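Hello,

Here is the structure you asked to see. My notes on it follow below.

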Protein chains: 2
Amino acid sequence: MSDCEKKVPEVVIKRLPRYYRYLGELLNQNITRISSNALSEKMNVTASQIRQDFNYFGGFGQQGYGYNVEHLFNEMGEILGLHDHDTMIIVGAGNLGRALANHNAFEKRGFKLVGMFDNDKKTIGSTVNGVKVMPVDELETFIKENRVDIGILTVPKSAVQETAERLAKCGIKGLLNFSYTELELPDEVTVENVHFSDSLMILSYNIRHRGEE
Amino acid sequence: MSDCEKKVPEVVIKRLPRYYRYLGELLNQNITRISSNALSEKMNVTASQIRQDFNYFGGFGQQGYGYNVEHLFNEMGEILGLHDHDTMIIVGAGNLGRALANHNAFEKRGFKLVGMFDNDKKTIGSTVNGVKVMPVDELETFIKENRVDIGILTVPKSAVQETAERLAKCGIKGLLNFSYTELELPDEVTVENVHFSDSLMILSYNIRHRGEE
C-alpha cells in the first residue's frame with residue numbers, strides 16, 4: 001500500500017469492490033491494459049473521478065497509455081485486504097445464512113467460511129457447503145480455538161445485538177450484519193450493514209426516472 | 001415531486017434510502033423536527049451535502065429551525081416511488097428466495113410479494129410467507145393476469161440471463177438481480193444488482209483502516 005495514503009471518503013471506498021470486480025472481468029478476457037477513459041465508460045464514473053479515486057492510493061502509475069490491468073487488480077485486492085484470506089463464521093443457519101454459506105463469490109474473493117452456528121436443534125449437526133452447524137453455545141470456545149476474523153450475522157433481529165456483543169467480546173473485529181438493526185458496539189469493532197430494502201428502493205427510484213439524462 | 005428536478009447523481013440516489021430509513025426512525029421516536037446539522041451527524045454526511053442532496057428535489061423547505069420530519073419522510077417515500085405499492089415476484093425459491101420472501105422490510109416499504117416461481121418439483125406448490133410457489137412455466141401467464149412491477153432474480157447464475165429476458169418480454173420494468181451476472185437487456189428494463197461480496201470487501205477494507213481520521 002502506498003505511503004501517501006490519505007483518509008479515503010466513503011463514496012470512494014464503496015467504489016473499490018466495483019473496480020476490483022471489473023478488473024477481474026478484464027483479466028478473464030485477457031485484457032492487459034486499460035485507459036481511464038475505457039474504465040470510466042464501463043464503470044459509469046468519469047475518467048477524472050477514476051484518477052482522483054486512484055490518487056488516494058498513490059495513482060497506480062498510469063503511463064499515458066493506460067493502466068496495467070493485472071497490477072491494478074492485485075493492488076486493489078491488497079487494498080481491500082483480500083490477500084490476508086480472512087476467515088468468517090456465520091451465526092444464524094436459516095435460509096439467508098445457508099444461502100450465504102453457499103455463496104461462491106466469498107471464497108473467490110479470498111474469504112474462508114470456517115464455521116456456522118445456530119440454536120435450532122434440528123439444524124445443529126447438519127452440514128452446509130461442507131461446514132458443520134454448531135450450537136451457538138459453542139461460539140466462544142470455537143473462536144478461542146480457531147482464527148475468526150469476520151462474523152456474519154443472520155440471526156433474527158431480536159437476537160442480533162446480544163450475538164454481536166458476544167462476538168465483540170471474543171475479539172472479532174468485523175461484522176457483516178444482515179439483521180437491519182443498528183448495532184451498538186465498542187469502537188474497535190467495524191460493522192457493515194446490508195440492507196436489501198435499500199437496493200429495492202433504489203430500483204424503484206430508477207424505474208421511475210429511467211431515461212432522465 | 002418538485003418541478004425543478006434535475007438529473008440526480010448516482011451517489012445521491014444511493015443515499016435516499018438511508019435518509020428514508022433514518023427519518024422513519026425519527027418518526028418512531030416522535031421527533032417532529034430536525035436540523036440539517038443533526039441529520040448530518042447521524043448520517044455521516046456533511047450538513048452542506050444534505051442541503052445539496054435535498055436541492056435536487058426542491059429543498060423540502062427547511063425554515064431556519066430545521067426540517068419537518070414527517071413531511072420529509074413522506075416526500076422521500078414519494079420520490080422513491082414507495083407510495084405506488086409496487087408488486088413483486090421472486091423467481092428462484094431456494095434459500096435466498098425464501099429468505100427474501102420472509103423479509104418484512106420489503107412490505108414495510110410498500111412493496112408487495114404476489115408470486116414465487118421455481119422449477120424444482122419438490123418446491124412447487126409449497127407456500128412461503130403466504131405466497132405459493134408456482135412452476136416457472138407459468139411465469140408468462142401469471143404476469144399477463146396479474147400486475148407485476150418488479151422481478152427479483154434468485155435463480156442460479158446459469159439461468160439468470162434467460163429468466164431476465166422472459167420477464168423483460170412480459171413487460172416487467174424493474175429487476176433486482178442477486179445472481180452476480182451483468183444482464184444484457186432492452187434499454188427500458190432497469191436492473192439493480194445486489195453484490196453480497198461487495199459488502200464483505202468494504203468491511204474488509206474498513207477493518208484495516210479503522211480509526212484513520
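This is a predicted model: local features need pLDDT of at least 70, side-chain atom pairs count only at pLDDT 80 or more; totals for chains, interfaces and linings use all residues.

An α-helix has 3.6 residues a turn, so residues three or four places apart point the same way.

As for geometry, the axes of α1 (residues 10–28) and α4 (residues 69–79) of chain B come within 9 Å of each other and cross at roughly 145°. The crossing of α1(B) with α4(B) is left-handed.

In chain A, helix α1 also covers residues 10–28. Its 19 residues, at 1.5 Å each, should span 27 Å, and the end C-alpha atoms are 28 Å apart, which agrees. Which residues of α1(A) are buried? They are A:L16, A:P17, A:Y19, A:Y20, A:R21, A:L23 and A:L26. Their cover includes β1 (33–34) and α4 (69–79) of chain A, and also α9 (196–209) of chain B. After α1(A) comes A:N30, with a positive phi near 60°.

Finally, the core. The largest nonpolar core holds 110 residues, and those with the most contacts inside it are A:M76, A:I90, A:L153, B:M76, B:I90 and B:L153. Leaving aside residues up to four places away in sequence, A:I90 touches A:G97, A:L100, A:A101, A:L113, A:M116, A:I152 and A:T154.

Regards

Terms used
Residues are numbered from 1 along each chain as its sequence is written. Chains are lettered from A and ligands numbered from 1 in the order in which they are written. Axes are lines fitted to C-alpha atoms, for helices over the stretch in contact, and angles run from 0 to 180 degrees between N-to-C directions. Helices (H or I, at least four residues) and strands (E, at least two) are DSSP runs, numbered from the N terminus. A crossing is left-handed if the near helix is turned anticlockwise from the far one by less than a right angle, and right-handed if clockwise. The expected span of a helix is 1.5 Å times one less than its number of residues. A residue is buried if 20 or more other C-beta atoms lie within 10 Å of its own, exposed if 12 or fewer, and partly exposed in between; C-beta atoms are placed from the backbone. Two residues are in contact if their C-beta atoms, placed from the backbone, lie within 7 Å. A nonpolar core is a set of buried Ala, Val, Leu, Ile, Met, Phe, Trp, Tyr and Cys residues joined through C-beta atoms within 7 Å.
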